[in-house]
Amino acid sequence: MDITDFYDTFFEEAEELLADMERYLLELDVDEPDSEQLNAIFRAAHSIKGGAGTFGFDALQKTTHLFENLLDHTRKGELRLRRDIVDTFLETKDMLSDQLDAYRNGDEPDQEAFERICQTLQRLALEEIGQDLESGVPAVASPQLAAKPEPEAPVEQGAASDSDLRVVALLNVGEKDRQLLVEELGQLGEVVAQGGDESCYEVTLSSSVSNDDIEAVMCFIIDTDQIKIRGADAGEAPQAAAPAAATEVAEVQSAPVQAAVEPTPSASSAASVKTDSVKTDSAKPDSEKPAKAKAKAKGGGESTSIRVSVDKVDQIINLVGELIITQSMLDQTVSEMDNVANSALQNGMSLLQRNARDLQESVMSIRMIPMDFVFSRFPRVVRETAAKLGKEIELVTEGESTELDKSLTERIIDPLTHLVRNSLDHGIEPPDVRQAAGKPRTGKLVLSAKHQGGNIIIEVIDDGAGLNRDRLLAKARENGLPVSDTMSDDEVWQLIFAPGFSTAKEVTDVSGRGVGMDVVKRNIQGMGGHVQIMSKPGEGTTIRIVLPLTLAILDGMSIKVGNEMFILPLSAVLESLQPSREDLYAMAGDDVVLKVRDEYLPVVAVHEALDVPKAKTELTETIAVIVQGEGRRYALLVDDLVGQQQVVVKNLETNYRKVPGVSAATILGDGSVALILDITGLHRLSREKKEKRRPVRKPALEALTNEELET
Amino acid sequence: MNQTNESALAAAEAHNREFLVFSLGEEEYAIDILKVQEIRGYENVTRIANAPDFIKGVTNLRGVIVPIVDLRIKFHLDKVEYGGQTVVIVVNVEDRVVGIVVDGVSDVMTLSPDQIKPAPEFGVTLSSDFLSGLGSLDDRMLVIVDIDKLLTSDEMELVERVAE
């Protein structure tokens, strides 16, 4: 097996480890660091180092090595943490990310940056603990070199000094992996003896690294529960291992030295010496126990999840979608059959329906990931931005467990980061200004996520100064945008989404260049969502992003207009009613409004917007479906309500293009295609149609209905 | 002669090419057989509002939504009827799947490079940009359509323009 096969696994794991590291670093209480957290950070650095060593990523390995040593001093309490030290650690973590990216792309990492970070870490070590990092532990940066001096000395002596002898048992590990692992172990220390079969292969290792470290390195190749590490018992282990070792020794890189020594007697005597040294050193393993127990627990958790490529999941989702369509097709056929004669078939069908739905739900849930995935990166963003701006900011996140489709979570990160930066820069005032305004010095930024209907609502709330209506209007005029003083607040707030619009008095490196808000809006619209802004002067601004939960499945209401079937997103449907003559009013000669419980709603006739032939034109015969789109309500006139069903959303743009008034398409039970209506698009379409028709100047009510309706 | 024809000819010189021949009214057209995914009947097409008249709508091709274009309407033929003989040729162009409605599919022909003549500069409805040439076979003339170019052209309104 080629070692490069493990590259991807390493990159993914290392990325996760770095993310963990960052989280712990940010959570870390500088004055009273939690030893569990320090251990976790240390372990992460260590695991990456191990992997980097295996794959020959020198820069990465060297950096993690230095970092790890510093962390080791930290967790032993020899290095007192300070805020700036944590910052340096975070910087190092970023550096590691960069290096990792470079290796992943097949490049070499930036040498200059690498040297700089190494120097920073070295200096930190010298200043804080007066110790050179390199001298503390043999430099693992060049493990071969470090390991070689030892074997040159007589084995007994080398072992007796500071190496522990222990037996690493590999359970159920295939031959190829095993060879790799033995080589791996050879880099950590010296392989004294090895032997056994596939179910249990024992390697006796003389090394100064801890059990945890050995495990961490090997975890990249096999599961933790496949590894058993124990101190070498006098006599027993080496004896078992020795005969096999004699045969396999030649294959193993670090073994030749061993071959020169008489295997059985000397190894066992060496072992007995070392067992003592292990025992005298028992304080150290003890202190590491909790950390190890935790690592075990985590390892157990890992084995219950698997990595699957998104493509595969999408393929399953598509297939399940097809299954649902086939199932509803069968359902339709069966429902037309004789009830009594086919009761067994019908029972089977309803069972199938239930199973298919369950299957669909479970499959869809695979793609859903909690918002924590997005929110977890913001403590860092806020911390850094706040520091840069000299502001004091408390970040509160709510609803981290709210789940969202993976593709959406990934795409929401950039716009959300932008909004958060904006709030920090323009929204929240500097501490002095806040104090003068009678507010607490520390500004509060809330990130929240919650479900509402078929949507997820993500809010960025700050308690800053709020948007300044006058300044926005002035700026808009300056930019030549059409504005008037009578515009509603809502419309004024929307101005910030205009391209090239920035009200920041000066451009900072955080924001204010006026690029971005329009991109934010476009991105969110591209995801099928929209942005709302609520702002009160002096109290703060709330920016609300409304997104559909998933793009793949929709609860729909099927409606009929003429002979055509359409789907309305059920989440948009509020109610439906038969409009009565008294509730319909003509407006401005060209519009019709429907009065529903003291509210006048614009009427959108679907047949008109979409040119459907043979539709009902008598207003009172149609059904008005009250729908909501982008915060506005409309009354859609349709011929008939057919029913509710879940539909698989099919993109029209894959093979065709965007159609006005239509958001997507789906396939109905009979195999035909139905279009899913886009409510705001439909309203826009019907307005455009009316504009075009305007020269004709016909009273709208008359156009839509009979003359008798006129008042 | 423009560059397209030259390159088409250059490609053709290498070896003979196979074409699917279909009829629109009395006229015979041909497209590169490698572009053809399948041939099916005309059925179950869902109309798309506010689209040009030659875009008949979309249909379900085993779970894929495919637009259907009626070339007879696009080429302003007199008689546009939908019957048992009406056929949809499903073609693959630039990673898109599009169905084109034709009056019938006659056969598959192999044309050698010398049987393909450059298309003359003509055509108001069918610009010569969309032609790979004219094929002559005994006394038949085949209009060889560059289906890639035709279907992705702006005037077909099948592909969203980048500017939008």
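This is a predicted model: local features need pLDDT of at least 70, side-chain atom pairs count only at pLDDT 80 or more; totals for chains, interfaces and linings use all residues.

User: How many residues of chain A are in contact with chain B?

Analyst: Contact means heavy atoms within 4.5 Å. By that criterion, 26 residues of chain A touch 27 residues of chain B.

User: What area do chain A and chain B bury between them, and which three residues of chain A supply more of it than any other three?

Analyst: Buried area is the accessible area (1.4 Å probe) that two parts lose on being put together, summed over both. Here it is about 2100 Å², with 49% on carbon and sulfur atoms. A:Asn655, A:Tyr656 and A:Arg657 supply 40% of the area that chain A buries against chain B, more than any other three residues.

User: Which polar features cross the interface of chain A and chain B?

Analyst: A salt bridge is a side-chain nitrogen of Lys or Arg within 4 Å of a carboxyl oxygen of Asp or Glu. The rule finds 1 across this interface: B:Arg47 pairs with A:Glu564, their closest N and O atoms being 2.7 Å apart.

Analyst: A polar contact is a pair of N or O atoms within 3.5 Å; within protein, one must be able to donate a hydrogen and the other to accept it, and residues adjacent in sequence count only if both atoms are side-chain atoms. There are 10 residue pairs in polar contact across the interface, both residues being at pLDDT 80 or more.

User: Which residues of H16(A) are buried, and what do they pack against?

Analyst: Buried means under 20% relative accessible area, exposed over 50%, and partly exposed in between (1.4 Å probe, protein chains only). An α-helix has 3.6 residues a turn, so residues three or four places apart point the same way. The buried residues of H16(A) include A:Val313, A:Ile317, A:Val320, A:Ile324 and A:Val334. The buried residues pack against helix H17 (343-367), strand E20 (640-648) and strand E21 of chain A.

User: How many salt bridges are there over all chains, and where do A:Lys406 and A:Glu410 lie?

Analyst: The whole structure holds 30 salt bridges. A:Lys406 and A:Glu410 form one, at 2.5 Å between the closest N and O atoms. The two residues are 4 apart in helix H20 (residues 406-427) of chain A, a separation of about one helical turn. A:Lys406 is partly exposed at 25% relative accessibility, and A:Glu410 is partly exposed at 41%.

User: Are A:Arg434 and A:Glu429 buried or exposed?

Analyst: A:Arg434 is buried, with a relative accessible area of 0%, and A:Glu429 is buried at 9%. Their salt bridge has its closest N and O atoms 3.0 Å apart.

User: Which parts of chain B does the pair B:Asp32 and B:Arg17 tie together?

Analyst: Their side chains meet in a salt bridge (3.7 Å, N to O). B:Asp32 lies in strand E2 (residues 27-32) and B:Arg17 in strand E1 (residues 17-24) of chain B, so the pair ties together parts that are 15 residues apart in sequence. B:Asp32 is buried at 18% relative accessible area, and B:Arg17 is buried at 19%.

How values were computed. Residues are numbered from 1 along each chain as its sequence is written. Chains are lettered from A and ligands numbered from 1 in the order in which they are written. Side-chain values use heavy atoms; hydrogens and water are left out.
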